[in-house]
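Open the model in your viewer and keep the sequence beside it. This tour goes stop by stop, telling you what to select and what to look for.

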Amino acid sequence: MVEFRAVAKVSELPPGQLRRVEVDGTPICLANVDGAIYAVAARCSHAGGPLADGALDRSIITCPWHGAMFDVTSGEVAGPPAAESVEAYDVEVEGDVVCVAVEPMSRV
Ligand code: FES
């Protein structure tokens, strides 16, 4: 069974916002897409840019370094120059607490 860690409060992450947290030492970027919270690895797969410092438009995050885009719901690449997706993590919300899985979602 996948373990989860409490990492933030929902009230600290308004819709349209990103926030960097750590789960067992791994940097994770939380994103609030119209009230639904998603989590992906915070390091851009292109050259390690800080995705939590990027911009969020609907479910698409844009890396602040060279403009790669990723879908925060899946971690999939949505625009160059990144070629590889970033890991996505399951999120559970319990009351005002955001919990993120310690292991990334498996890809089929
Ligand atoms: S490091 Fe993110 S686009 Fe280059």
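**Stop one: a charged pair**

Select Glu22, which is partly exposed at 46% relative accessibility. This is a predicted model, so treat each stop as part of a prediction. Arg20 and Glu22 form a salt bridge, with their closest N and O atoms 3.4 Å apart. Arg20 is partly exposed too, with a relative accessible area of 49%.

**Stop two: the hairpin**

Stay on Glu22 and look across to the neighbouring strand. Which residue of S3 is the bridge partner of Glu22? The partner is Pro27. Next, colour residues 18-23, strand S2, and residues 26-33, strand S3. The two strands run antiparallel, and six bridges join them.

Now go to the turn. Two residues lie between the strands of this hairpin. Select Asp24 there: its phi is positive, near 50°.

Side chains of opposite charge can pair when their charged atoms come close. How many salt bridges does the count come to? The answer is five. You have already visited the one between Arg20 and Glu22.

Select Glu12 and Arg19 next. Their side chains meet in a salt bridge, at 3.6 Å from N to O. Glu12 is partly exposed, with a relative accessible area of 37%. Arg19 is also partly exposed, at 32%.

Move on to Asp34 and Arg58. Here the side chains meet at 3.1 Å, N to O. Asp34 sits in the loop between S3 and strand S4 (36-41), and Arg58 in the loop between strand S5 (55-57) and strand S6 (60-62), so this pair ties together parts that are 24 residues apart in sequence. Are these two buried or exposed? Asp34 counts as exposed, at 55% relative accessibility. Arg58 is exposed as well, at 61%.

Then select Glu3, Arg5 and Asp24 together. Salt bridges that share partners join these residues into one network. Asp24 is the hairpin residue with the positive phi.

**Last stop: the cysteines**

Select Cys44. At 4% relative accessibility, Cys44 is buried, because buried means under 20%. Select Cys63 as well: Cys63 is buried at 5%. How many disulfides does a search of the whole structure find? It finds zero.

Notes: Residues are numbered from 1 along each chain as its sequence is written. This is a predicted model: local features need pLDDT of at least 70, side-chain atom pairs count only at pLDDT 80 or more; totals for chains, interfaces and linings use all residues. Side-chain values use heavy atoms; hydrogens and water are left out. A disulfide is a pair of cysteine sulfur atoms within 2.5 Å. Buried means under 20% relative accessible area, exposed over 50%, partly exposed in between (1.4 Å probe, protein chains only). Two strands pair if DSSP finds at least two bridges between them. Helices (H or I, at least four residues) and strands (E, at least two) are DSSP runs, numbered from the N terminus. A salt bridge is a side-chain nitrogen of Lys or Arg within 4 Å of a carboxyl oxygen of Asp or Glu.
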